[in-house]
Amino acid sequence: MNYWDREKELMPREELEKLQLRRLKETVNRVYTFVPSYRAKMDELGVKPQDINCLADLKYLPFLTKKDFRDNYPFGLLAVPMRDVVRIQSSSGTTGKPTVALYTKNDIDNWAEMIARAMTSAGATRDSVIQVTWGYGLFTGGLGGHYGAEKLGAAVLPASGGNTKRQVTLMHDYGVTMLGCTPSYALVIYEELMKLGMDRSEFKLKSGIFGAEPWSENMRKEIESKWEIDAYDIYGMTELVGPGVAVDCAYKNGLHLAEDHFIAEIIDPDTGEVLPEGSHGELVITSLTKEAYPVIRYRTRDLTRINREQCDCGRTHARIEKILGRSDDMLIIRGVNVFPSMVESILLQIPGIEPVYQLIVERRNNLDRLEVQVEVSENVFSDEVKRLEELEGTITRELNSGLGIAVKVRLVEPSSIERSEGKAKRIIDKRNI
Ligand code: DLL
């Protein structure tokens with residue numbers, strides 16, 4: 001088993017928790033002293049930094065939400081003088097003001113450590129050639145992956161997103177062994193390789209590290225069998241640092257959180273209450289080493305659960321279950337909760353369809369209606385109408401029983417759903433609510 005930082009990754013829990021508590025106290029002190037809006041929130045709840053004496057005291061601290069990021073855009077939550085900031089990244093801000101990430105030199109170093117650790121956990125070594133196909137620029141994926149790969153000592157190919165044909169050529173010509181991109185784009189690149197009629201055996205790709213969007217276990221299997229690689233899940237977000245907050249190990253049974261840098265809690269998204277060990281709920285994260293933009297109890301909106309059992313890989317850091325989806329991506333159709341990842345998982349068990357799909361929600365006469373558009377493979381599409389109808393029937397039955405609601409299924413031609421070079425757009429919600 002390869003580790004990047006054996007001492008930190010295998011640290012006995014007791015020692016790890018001591019480290020977390022020390023770092024938590026420092027972080028709380030830092031924000032209370034330097035960030036007026038944190039101080040105001042804490043004062044409002046009557047909590048002072050000296051009230052935090054054990055990890056369980058975390059629950060007394062106020063939450064931080066996306067709204068706080070927006071209200072304080074761009075520098076309001078900064079805990080260091082601007083002259084100590086060496087990098088600015090941000091989210092795309094498609095749903096409002098962008099979310100910023102500001103880093104000191106130490107923050108960048110820690111982040112690169114997290115990614116080097118993640119890539120090692122996913123099988124990379126300094127002999128690897130890593131193609132970073134997350135977007136470079138303000139998005140955290142590209143530069144995050146880049147610095148991590150360099151820290152690891154691997155050869156990094158800063159491909160960035162887009163130009164899929166060139167991605168294939170680069171991968172081929174430079175003998176790329178690891179690919180980092182969104183899981184949906186990994187399949188788009190594979191489609192391109194097939195279209196170009198290239199021979200898989202001429203590629204050296206062994207593994208992929210995929211993230212930035214939810215994907216199901218069945219999607220993992222699909223990528224692994226098509227590409228004949230190991231596919232690892234990497235999780236993170238702009239507000240926390242970017243990618244590298246949690247990553248799969250060789251056992252692919254939950255993503256190890258970088259617990260020396262973050263503390264995780266699971267809360268009930270409706271009441272905000274901390275849920276008992278092992279419950280499903282919303283992931284809340286507190287940063288422990290961030291200097292420029294520390295976050296205390298950030299409500300990620302991502303739904304998962306925490307497993308603190310020791311993993312067979314030897315790492316002591318807790319694992320989060322593969323993220324099911326975001327609470328704000330959860331569709332409530334006639335009272336039933338539906339995540340795109342659930343649809344994906346069901347679809348991928350049916351032969352002849354491509355894992356390219358879209359959920360279209362409409363409201364007619366006050367009733368929600370879910371249409372699932374699914375792409376079928378070329379040979380299925382050119383088949384007789386009867387076969388297509390049969391397939392449509394099968395998908396409808398499987399989705400109806402798997403989701404517990406009636407769904408309208410529409411099979412669409414190969415390549416008709418728009419491909420994304422980054423995060424795939426799975427939901428088109430036409431309801432005006
Ligand atoms: O997507 C950072 C990232 C880049 C992560 C590259 C992994 C790889 P944001 O654009 O701020 O940052 O989006 C963060 O994307 O709250 C999740 O809802 C979702 N997400 C990210 N990784 C995963 C994953 C980057 N592995 C939001 N599984 C998060 C499921 C993920 N959802």
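In what order do the strands of the open sheet of 9 strands run? The order is 4-3-5-6-7-8-9-14-13, and the pairing is mixed. Two strands pair here if DSSP finds at least two bridges between them. Strands (E, at least two residues) and helices (H or I, at least four) are DSSP runs, numbered from the N terminus.

This is a predicted model, in which local features need pLDDT of at least 70, side-chain atom pairs count only at pLDDT 80 or more, and totals for chains, interfaces and linings use all residues. Residues are numbered from 1 along each chain as its sequence is written, and side-chain values use heavy atoms, with hydrogens and water left out.

Strand 6 (residues 207-211) and strand 7 (residues 230-237) run parallel, joined by 5 bridges. Ser207 has Asp230 of strand 7 as its bridge partner.

Ala212 lies in the loop between strand 6 and helix 9. Its phi is near 95 degrees, a positive value in a residue other than glycine. The peptide bond joining Tyr73 and Pro74 is cis, with omega about -10 degrees. Most residues other than glycine have a negative phi, and most peptide bonds are trans.

Next, the domains. The chain is assigned domain 1 (1-327) and domain 2 (331-429); such bounds come from an automatic or database domain assignment. Their centres, taken over C-alpha atoms, are separated by 30 Å. In domain 1, 22 residues are in contact with 16 residues of domain 2, contact meaning heavy atoms within 4.5 Å. About 1600 Å² is buried between domain 1 and domain 2, with carbon and sulfur atoms giving 52%. Buried area is the accessible area (1.4 Å probe) that two parts lose on being put together, summed over both.

Which three residues supply more than any other three of the area that domain 1 buries against domain 2? They are Glu191, Asn218 and Leu324, with 28%. Glu191 also forms a salt bridge with Arg419, the closest N and O atoms being 2.9 Å apart. A salt bridge puts a side-chain nitrogen of Lys or Arg within 4 Å of a carboxyl oxygen of Asp or Glu. Between domain 1 and domain 2 there are 2 salt bridges. Helix 8 (183-195), helix 9 (217-227) and strand 15 (325-326) each supply at least two residues of the side of domain 1 that touches domain 2. Helix 8 gives the largest share, 5 residues.

Salt bridges come to 37 by this rule. Glu26 and Arg22 form one, at 3.6 Å from N to O. They are 4 residues apart in helix 2 (residues 13-34), which means that about one helical turn separates them. Side chains of opposite charge can pair when their charged atoms come close.
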